[in-house]
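Please study the sequence and the structure shown below before reading on.

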Amino acid sequence: MKRIRIFDTTLRDGEQTPGVNLNIQEKVDIAKQLARLGVDVIEPGFPLTSPGDFEAVQRIAREVEGPYICGFTRAIIKDIDETWKAVKDAQKKCFHIFISSSDIQIKHQLGKSEKDVLEIVKKTIYHAKQYTDEIEYSPMDASRTRIEYLYEVIEAAIDNGATVINIPDTVGYSTPVEFGELIKNIRSNVRNIDKAIISVHCHNDLGMAAANSIVAAMNGAQQIECTINGIGERAGNAALEEVVMHLEARKSYLGIETGIDISQIYKTSKLVSKCMGLPIPANKPIVGKNVFSHESGIHQDGVLKERSTYEVIDPKIVGRDDESNILLGKHSGRHALKIEAQKMGYDLNEDQLIKLFNDFKELTDRKKNVSTADLESLITEQVVKAVTETYTLEKIRVISGNMDTPCAKVVIKDIDGNIIEAEECGNGPVDAVFKAVSSVIKEAGDMILNQYSVSAVTEEIESLGEVSVTLKDGEKLYTGKGTHTDIITSSAIAYIDAINKAINDKNS
Ligand code: MN
């Protein structure tokens, strides 16, 4: 069995998903979950894009143990020096240096020649080597690069100390057999290739990201770069859950294994979806709501007799336990709740636990059967909440329907304990709530609603409604979440959470 490394770029390429902006705490929480999932490398951001990105990478380097923490940097000497400062405190750290190698990008984007780029590659890798031995180099747009030049640039990178060579299909243009050939050709035509690991980074513009990654592994790639839920630039990256579960399900045919703890897949997927405010499509392989549901009578009959008749993997092994209800009820105490959260992999602090307990008690008053999914939703809400809650929703009353103009009254408590109230009318109940909230929270004045979505946690009529709200404040985006059996209340909580995040960011 050949062991392949999984390199996770959810927090770098994945965070480049349009409309997504995580705060530092959310990034740290996701990185900790990625470590539990057992990825080999975490690329926690692009440290030099902003002070916030730098701080997030630095905190992850300091707090997350297990995987390599990777510093992503342009091939520029001073960028390498600065990036090192962000990752140097990690237990295990590495660089990921990139520069374009395709004719098209060298000429039009960089305004340089192939020879210039070759010199930059040699010089920057040699320079980075003084900090660490672990250096990944990416010839960006490799799949559209003149092949002889690609061999030359890889050989030079390895001669100067690169230990991982990443072959990105930057624009998701490759076709599987062709991409497999490319990896095979690199293996047989680059003189010193056995001194480095070949990595691949595939994009999904034409829907082939996971397929290209698998074919590359069959042809000798030893590392796959991917993201949770396949998020990322444009159509996204290869989805970690698809790649890993394909290798797992077809292990005897492919002979390739990973170090991933697959029981953590579903939870990681939900955490990322919630933090980023990106719902998981129902038909998304492995983690979508419908992918283990059977509609056809013949299929249903088969699955009831023997699950494997129509399911290629058992949903339980990725941590999906759709039917299971808990265990916890009205009379459960805080300790039981804490144990249950720990079983799910969440280590809550005292403050989060108190809030979780209150939410849980309130929920048991409104909903008889609290399911694992409900509890997990309440927990992740605590995990992703703004660090400091400048404002909290105390009470809300809404009139809606088609007989009257929808109106909302909100009662909000500020951080000093002052109670503020407002009443507004709007086009619909959510609009009325948002107007009422923004009429009394002065900081909300300049923020624009960028995204709003509601989803149900489970399928019953009394299900919790999860709302995600993204606000735009100048150039920045803030995503807030709210969970309640009443979706209008969820909306108010999510809206206030997004405002709190913006205020946190300004004060930090
Ligand atoms: Mn990419």
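Helices (H or I, at least four residues) and strands (E, at least two) are DSSP runs, numbered from the N terminus. The model is predicted, so local features need pLDDT of at least 70 and side-chain atom pairs pLDDT 80 or more, whereas totals for chains, interfaces and linings use all residues. Residues are numbered from 1 along each chain as its sequence is written, and side-chain values use heavy atoms, without hydrogens and water.

The domain assignment, which is automatic or from a database, gives domain 1 (2-276), domain 2 (321-384) and domain 3 (391-507). Contact between domain 2 and domain 3 (heavy atoms within 4.5 Å) takes 13 residues from domain 2 and 15 residues from domain 3. The C-alpha centres of these two domains lie 23 Å apart. Between them, about 1,000 Å² is buried, and carbon and sulfur atoms give 49% of that area; buried area is the accessible area (1.4 Å probe) that two parts lose on being put together, summed over both. Salt bridges (a side-chain nitrogen of Lys or Arg within 4 Å of a carboxyl oxygen of Asp or Glu) number zero between domain 2 and domain 3.

Spaces are found on a 1 Å grid over the protein atoms alone: in a cavity a 1.4 Å probe fits but cannot get out, a pocket is an open set with protein on both sides within 12 Å along at least five of seven lines, and lining residues have an atom within 4 Å of a point. Points are joined across faces, edges and corners, and a volume is the space filled by probe spheres set on them.

| Space | Volume | Elements each supplying at least two lining residues |
|---|---|---|
| Second largest pocket | about 860 Å³ | α1 (24-37), α2 (51-63), β16 (476-484), α17 (487-507) |
| Largest cavity | about 60 Å³ | β2 (5-8), β5 (93-100), β6 (135-140) |

The second largest pocket lies between domain 1 and domain 3, because both give residues to its lining. In that lining, α2 gives the most, with five residues. The lining of the largest cavity includes Arg5, Phe7 and Glu134.
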